[in-house]
Amino acid sequence: MINIALPKGRLGEKVYSLLSRVGFNCKEFTPDSRKLIFKDDKGEVNYFWVKPSDVSVYVELGAADVGVAGKDIIDEYTPDIYELADLDMGKCTMCIAARADFNDDVSAPLRVATKFVHTAEKYYAEMGRDIEIIKLNGSIELAPVLGISDVIVDIVETGTTLKENNLKVIGKISDISARFITNKAAFKFKNKEITAITEKLKEAVKVYD
Ligand code: PRP
């Protein structure tokens with residue numbers, strides 16, 4: 001039995017649909033159900049339907065053997081896991097954005113609003129720039145608009161949110177995509193099964209493209 005943590009939402013639904021096509025269909029699975037654990041029809045896998053930012057926690061702690069997490073989350077929380085495959089979906093960019101009239105005053109710490117505290121701290125430490133973090137949990141784009149931060153560090157997918165709030169990208173930190181990850185001990189003890197699922201998923205992703 002393999003336990004798989006899937007990120008609730010569009011990405012998780014896509015990954016589930018790939019897994020169902022390669023043999024792990026689950027009749028009772030519906031994304032909007034309030035149920036959080038689903039067993040596939042053949043009784044080979046359990047699906048856990050979890051908040052995207054929590055997938056790596058379930059995998060690191062071994063409740064899930066494998067899971068799908070964004071590279072943004074992996075970089076931010078640096079969980080002790082292995083990355084098995086880049087699924088080439090859920091693509092976006094970790095960016096720095098600011099108001100169009102932003103001018104960096106290097107004599108003062110830069111006020112950075114973000115959910116990705118570690119990512120922002122690491123980026124600016126490497127640049128040798130002093131910052132002050134404003135930790136927010138969503139709608140990050142509001143912070144520079146309302147003047148509580150100079151810049152934001154956040155993911156940009158289509159760029160619509162920035163555009164609609166009159167912000168512009170002023171720097172890029174990294175490219176993001178969904179990764180298939182595994183618990184380290186599970187990878188040792190269930191290696192055959194996990195390797196087989198990884199290969200099937202990689203093939204399915206190619207076909208999906
Ligand atoms: C994410 C991100 C941006 C937006 C980017 O927010 O934090 O706000 O998507 O997407 P876009 O470039 O396609 O506009 P999310 O929708 O996850 O909500 P949040 O603001 O609550 O974090």
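Six aromatic pairs are present in the structure, a pair being counted where the ring centres of Phe, Tyr or Trp (its six-membered ring) lie within 6.5 Å, with planes under 30 degrees apart termed stacked, over 60 edge-to-face and the rest tilted. The model is a predicted one, in which local features need pLDDT of at least 70 and side-chain atom pairs count only at pLDDT 80 or more, whereas totals for chains, interfaces and linings use all residues. Residues are numbered from 1 along each chain as its sequence is written, and side-chain values use heavy atoms, with hydrogens and water left out.

The rings of Tyr-16 and Tyr-47 are edge-to-face, because their centres are 5.3 Å apart and their planes stand at 85°. Since Tyr-16 belongs to helix α1 (residues 10–24) and Tyr-47 to strand β3 (residues 45–50), the pair ties together parts that are 31 residues apart in sequence; helices (H or I, at least four residues) and strands (E, at least two) are DSSP runs, numbered from the N terminus. Tyr-16 is buried at 9% relative accessibility and Tyr-47 is buried at 1%, where buried denotes under 20% relative accessible area, exposed over 50% and partly exposed in between (1.4 Å probe, protein chains only). Phe-29 and Phe-38 also form an edge-to-face pair, at 5.0 Å centre to centre and 75° between the planes, and both residues are buried. Ring pairs join Tyr-16, Phe-29, Phe-38, Tyr-47 and Trp-49 into a cluster.

Tyr-47 is also among the residues with the most contacts inside the largest nonpolar core, which has 28 residues; such a core is a set of buried Ala, Val, Leu, Ile, Met, Phe, Trp, Tyr and Cys residues joined through side-chain atoms within 4.5 Å.
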